[in-house]
Amino acid sequence: MANNLQNTVAIVTGASSGIGRAIAKNLAAAGSNVVVVARRKQKLNDLAAEIENNNGQALPIEANLTSNDEAIRVVDETIKKYGALDLLVNAAGVMLNGDSIETPVGDWDAMVNINLRGLMYLTKAALPYLRESAQKNDRRVSDVVNISSVAGRFAASQVAIYSATKFAVTAATEAWRQEYARQHIRFTVVEPGKTATELFDHRVGENEAFEQMFGKVEELQADDIANTVRFIVTSPRRMAINEVVIRPTDQA
Ligand SMILES: NC(=O)c1ccc[n+]([C@@H]2O[C@H](COP(=O)([O-])OP(=O)(O)OC[C@H]3O[C@@H](n4cnc5c(N)ncnc54)[C@H](OP(=O)(O)O)[C@@H]3O)[C@@H](O)[C@H]2O)c1
């Protein structure tokens with residue numbers, strides 16, 4: 001079956017809500033053993049129970065990925081439990097937009113720390129296992145999918161540092177793609193437009209900045225992004241989908 005991920009192990013970050021949660025469920029439904037990572041343990045436990053009720057396999061790991069040690073622990077626990085790692089989906093992120101004079105510098109740090117540093121730490125910790133897996137697993141290929149944003153392609157007023165982190169994710173993903181192409185680790189950057197998730201609840205008033213950027217649209221659903229990620233990682237070994245922009249149809 002083209003979309004069969006039996007006998008694979010996937011780490012999905014940001015799995016307690018929104019896009020990461022939808023991706024974790026989708027990959028589990030395709031047969032992957034899914035390691036679900038975020039800070040909210042109860043939400044992870046609920047997700048793992050839901051996956052297991054649907055005959056899937058899930059390992060919840062509570063971790064704050066702004067710490068390199070935590071990222072290394074996530075990979076260590078994954079290897080301890082499953083013995084291998086085939087797929088990594090970096091979806092954890094926060095968006096704290098607003099007037100750049102008024103915004104506390106801590107909000108900027110928060111975005112850099114998870115959107116960029118967290119993704120960087122976990123990717124680095126995972127790479128040796130992804131490389132090994134691409135040599136040994138049945139698929140003979142491994143996957144890293146990084147969730148950037150349309151804000152990683154276009155900068156806009158009041159979205160400076162969120163955009164900067166997402167441009168960085170897009171740049172790093174392309175560099176890693178080149179570095180590991182011959183070792184059959186596929187790197188994909190996915191750049192969604194406005195998607196209905198908790199992302200917009202992080203700070204009161206921030207919607208204004210985002211709406212300025214994109215206008216009022218019929219939002220994408222997290223499952224739209226998850227279905228795309230499943231298509232990416234179940235493509236034949238010879239085929240690497242490097243970059244996907246997904247916008248609401250009415251997002252100009
Ligand atoms: N929604 C959109 O319109 C949109 C558009 C483009 C790109 N994106 C990107 O899509 C990704 C997923 O966002 P979403 O829309 O699904 O938002 P969301 O529902 O708020 O999910 C964000 C996830 O990141 C996790 N997270 C945040 N900080 C973390 C930390 N320090 N350590 C570990 N996990 C952390 C959160 O879990 P905990 O709070 O439990 O830790 C949560 O699971 C983000 O990278 C976002 O930038 C979203």
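Student: Where is Gln158 found?

Tutor: Gln158 is in the loop between β5 (142-147) and α5. Helices are DSSP runs of H or I with at least four residues and strands are E runs with at least two, numbered from the N terminus. This is a predicted model, in which local features need pLDDT of at least 70 and side-chain atom pairs count only at pLDDT 80 or more, while totals for chains, interfaces and linings use all residues. Residues are numbered from 1 along each chain as its sequence is written, and side-chain values use heavy atoms, leaving out hydrogens and water.

Student: Why is Gln158 called partly exposed?

Tutor: Buried means under 20% relative accessible area, exposed means over 50%, and partly exposed is in between, with a 1.4 Å probe and protein chains only. Gln158 has a relative accessible area of 30%, so it is partly exposed.

Student: What makes the phi of Gln158 worth a remark?

Tutor: Phi of Gln158 is near 70 degrees, a positive value in a residue other than glycine. Most residues other than glycine have a negative phi.

Student: Is Asn55 buried or exposed, and what makes it so?

Tutor: Its relative accessibility is 76%, which is over 50%, so Asn55 counts as exposed.

Student: What does the side chain of Arg186 reach?

Tutor: It reaches the backbone oxygen of Pro236 at 2.9 Å. A polar contact is a pair of N or O atoms within 3.5 Å; within protein, one must be able to donate a hydrogen and the other to accept it, and residues adjacent in sequence count only if both atoms are side-chain atoms. The 2.9 Å distance is within 3.5 Å, so it meets the distance limit.

Student: Which side chain does Thr123 contact, and at what distance?

Tutor: The side chain of Thr123 makes a polar contact with the side chain of Asn90 at 3.1 Å. Thr123 is in helix α4 (residues 105-136), whereas Asn90 is in strand β4 (residues 87-90).

Student: Why are Thr123 and Asn90 called buried?

Tutor: Thr123 has 0% relative accessibility and is therefore buried. Asn90, with 4%, is also under 20% and therefore buried.

Student: Why does Ala91 count as buried while Asn113 counts as partly exposed?

Tutor: Ala91 has 18%, under 20%, so it is buried. Asn113 has 23%, between 20% and 50%, so it is partly exposed. Ala91 is in the loop between β4 and α4, and Asn113 is in helix α4.

Student: How many residues apart along the chain are Ala91 and Ile147, and what separates their C-alpha atoms?

Tutor: They are 56 residues apart along the chain, and their C-alpha atoms are separated by 5.2 Å.

Student: What makes a residue one of those around the ligand, and which come nearest?

Tutor: A residue is near a molecule if one of its heavy atoms lies within 4 Å of it. There are 32 residues around the ligand, and Ser17, Ile19, Arg39, Tyr162 and Thr197 come nearest. The shell divides into 14 nonpolar, 13 polar and 5 charged residues. Helices α1 (18-29) and α5 (160-180) each supply at least two of the shell residues.

Terms used
Ala, Val, Leu, Ile, Met, Phe, Trp, Tyr, Cys and Pro count as nonpolar, Asp, Glu, Lys and Arg as charged, and the others, Gly among them, as polar.
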